[in-house]
Amino acid sequence: MASTRSEDTPPAATDGKGQLEEKAPVHDASTADHTVPAALQAKTKEDLAKVAQTLREDATEAMEEMRKRAARYRETPKEDTDDLTAQMEGLQVDSKMALYDKLFEAHPVAIGKAISKTERDETDQSGNSTLVYGEITFKTLALALHKVKTKYGLPGVGSSGPAGVLQEGSGGAFYDIGSGTGKPVFAAAILHPFHKAVGIEILEGLCATSWELLKAWDGGIRDRVGHGQEPTKVEFFLGDALDMNVCDWSDATVVFANSTCFDDTLMRRLASAATALKKGTIFITLTKRLPAAYFKVLEHDMFPMSWGSATVYISQKTTAPFGDPSAVEEDSSTSSQDGGGSVGGRKTTG
Ligand SMILES: C[S@@+](CC[C@H](N)C(=O)[O-])C[C@H]1O[C@@H](n2cnc3c(N)ncnc32)[C@H](O)[C@@H]1O
């Protein structure tokens, strides 16, 4: 009976002369069957040795290429080689984000938007674009703070001073100008052992929500943060963030403003108020840089937000408090709006 062999059947036994069966040499590209691994097509021990040698050479070549690539990667500054997604993935903040997600599980961005819209409609402020609601994502804020810690805030770098900014055990004060439901404030408290993290929000419904969330924070989340030192003191103030009677944020280490919808007037008031900040203070704004020559933009890049993406500006104050107020980029509209707002209330923890 004639023998048959399916494609995945191993080759027949040798006939004693090293010959398995008569076939074209394994390295003859014109006749080799490329669907079958070369080692299985080998008919002689010599063919097998050739296959093994080729595989060794291929592997050596691949290893060499990998080594060259790794060397190129090490020599090139990380910022130039990594795209934003890679930077985000490299953060390793998953357990911190899990705590944050737990705290806000019943407060997706839609809740903040709805509270904001209802209050704006009820108070005839629906045309006030500076009050439009949106949220920075946890990872975007995490990456911005990470950059401050590992790059711009290093001791002696830029205006960061000999102790640096956000360095190990340094604490510091975080402020969110227009804190909404409080997400960036809690995120900051989870991400870094700030001495305090403070939010100031002009809309009552949003501020009241952050006070509600403060209860959940105090009720267990705070103790799970585990920075290994005193828990961050978290506070929320109701009122105009530009009114220092509502909350004086001149002791800030990091100020954040989700300023995409802030108009030029508000940005200039913000820049004016920021003259009180100490040299080295980091100011993070979205879409618009702070219009003040005494803040140096350290970097600006597009990052994901709740509504899509926006440019994040990381700036640093280069002058001492009230060092050079004339450096504010002047505009006639700056004085057209008064301080507004009043102290409406305050909640703290820590
Ligand atoms: C885009 S939301 C950002 C919310 C939050 N910071 C975040 O990123 O998740 C901007 C917030 O700023 C508030 N806001 C606008 N002008 C303000 C002011 N002068 N003082 C305090 N809050 C203000 C708005 O009501 C709004 O809740």
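Q: How many residues of the shell around the ligand are nonpolar, how many polar and how many charged?
A: In this predicted model, the shell residues comprise 11 nonpolar, seven polar and five charged. The shell has 23 residues around the ligand, and Glu135, Gly178, Gly180, Ala241 and Asn258 come nearest. Two elements give two or more residues to this shell, namely helix H8 (183–191) and strand E2 (196–201).

Q: Which residues make the contact of H5 with H8, and what is the geometry of the crossing?
A: Two packed helices are described by the angle between their axes and the distance between the axes. The axes of helix H5 (residues 94–103) and H8 come within 10 Å and cross at roughly 150°. The crossing of H5 past H8 is right-handed. H5 contributes Lys96, Leu99, Tyr100 and Leu103, while H8 contributes Phe186, Ala187, Ile190 and Leu191. By class, these residues are seven nonpolar, no polar and one charged.

Q: At what angle do H6 and H9 pack, and which classes of residue form their contact?
A: Helix H6 (residues 109–122) and helix H9 (residues 204–221) pack at an angle of about 145°, and their axes are 8 Å apart. From H6 the contact takes Gly112, Ile115, Ser116, Thr118 and Glu119, and from H9 it takes Glu204, Gly205, Leu206 and Thr209. The contact of H6 with H9 consists of two nonpolar, five polar and two charged residues.

Q: Why does the distance between the end C-alpha atoms of helix H7 agree with its number of residues?
A: The expected span is 1.5 Å times one less than the number of residues. Helix H7 (residues 138–152) has 15 residues and should therefore span 21 Å; its end C-alpha atoms lie 20 Å apart, which agrees.

Q: What makes H7 count as mostly covered?
A: Of its 15 residues, 12 are buried. They are Phe138, Lys139, Thr140, Leu141, Ala142, Leu143, Ala144, Leu145, His146, Lys147, Val148 and Tyr152.

Q: Why is lysine 149 called partly exposed?
A: Residues with 12 or fewer C-beta neighbours are exposed and those with 20 or more are buried, with partly exposed in between. Lysine 149 has 18 C-beta neighbours inside 10 Å and therefore counts as partly exposed. Lysine 149 is placed in helix H7.

Q: Why does glutamine 92 count as exposed, and what is its phi?
A: The limit for an exposed residue is 12 or fewer neighbours; glutamine 92 has 9 C-beta neighbours inside 10 Å and is therefore exposed. Glutamine 92 lies in the loop between helix H4 (84–89) and H5. Its phi is near 55°, a positive value in a residue other than glycine. Most residues other than glycine have a negative phi.

Q: Where is threonine 287 found, and why is it not classed as exposed or buried?
A: Threonine 287 is in the loop between strand E5 (282–286) and strand E6 (295–305). With 16 C-beta neighbours inside 10 Å, threonine 287 counts as partly exposed, because that class covers the values between the two cut-offs. Phi of threonine 287 is near 70°, also positive in a residue other than glycine.

Q: What makes glycine 323 partly exposed, and where does it lie?
A: Glycine 323 has 14 other C-beta atoms within 10 Å, which makes it partly exposed. Glycine 323 lies in the loop between strand E7 (308–317) and strand E8 (345–348). Glycine 323 and threonine 275 are 48 residues apart in sequence, with their C-alpha atoms 7.3 Å apart.

Q: Which residues of helix H10 are buried, and what do they pack against?
A: In helix H10 (residues 264–273), the buried residues are Leu266, Met267, Arg268, Arg269, Leu270 and Ala271. They pack against strand E1 (173–177) and strand E4 (254–257).

Q: How many helices and strands does the protein chain have, and what percentage of its residues are buried?
A: The protein chain contains 10 helices and eight strands. Of its 350 residues, 35% are buried. Among contacts with a separation of 6 or more, 69% join residues 24 or more positions apart.

Methods: Residues numbered from 1 in each chain as written. Predicted model: local features only at pLDDT ≥ 70, side-chain atom pairs only at ≥ 80, totals over all residues. Near = placed C-beta within 6 Å. Helix = DSSP H or I, 4+ residues; strand = E, 2+ residues; numbered from the N terminus. Nonpolar A, V, L, I, M, F, W, Y, C, P; charged D, E, K, R; others polar. Contact = placed C-beta atoms within 7 Å. Axes fitted to C-alpha atoms, helices over the stretch in contact; angles between N-to-C directions. Left-handed = near helix turned anticlockwise from the far one by under 90°.
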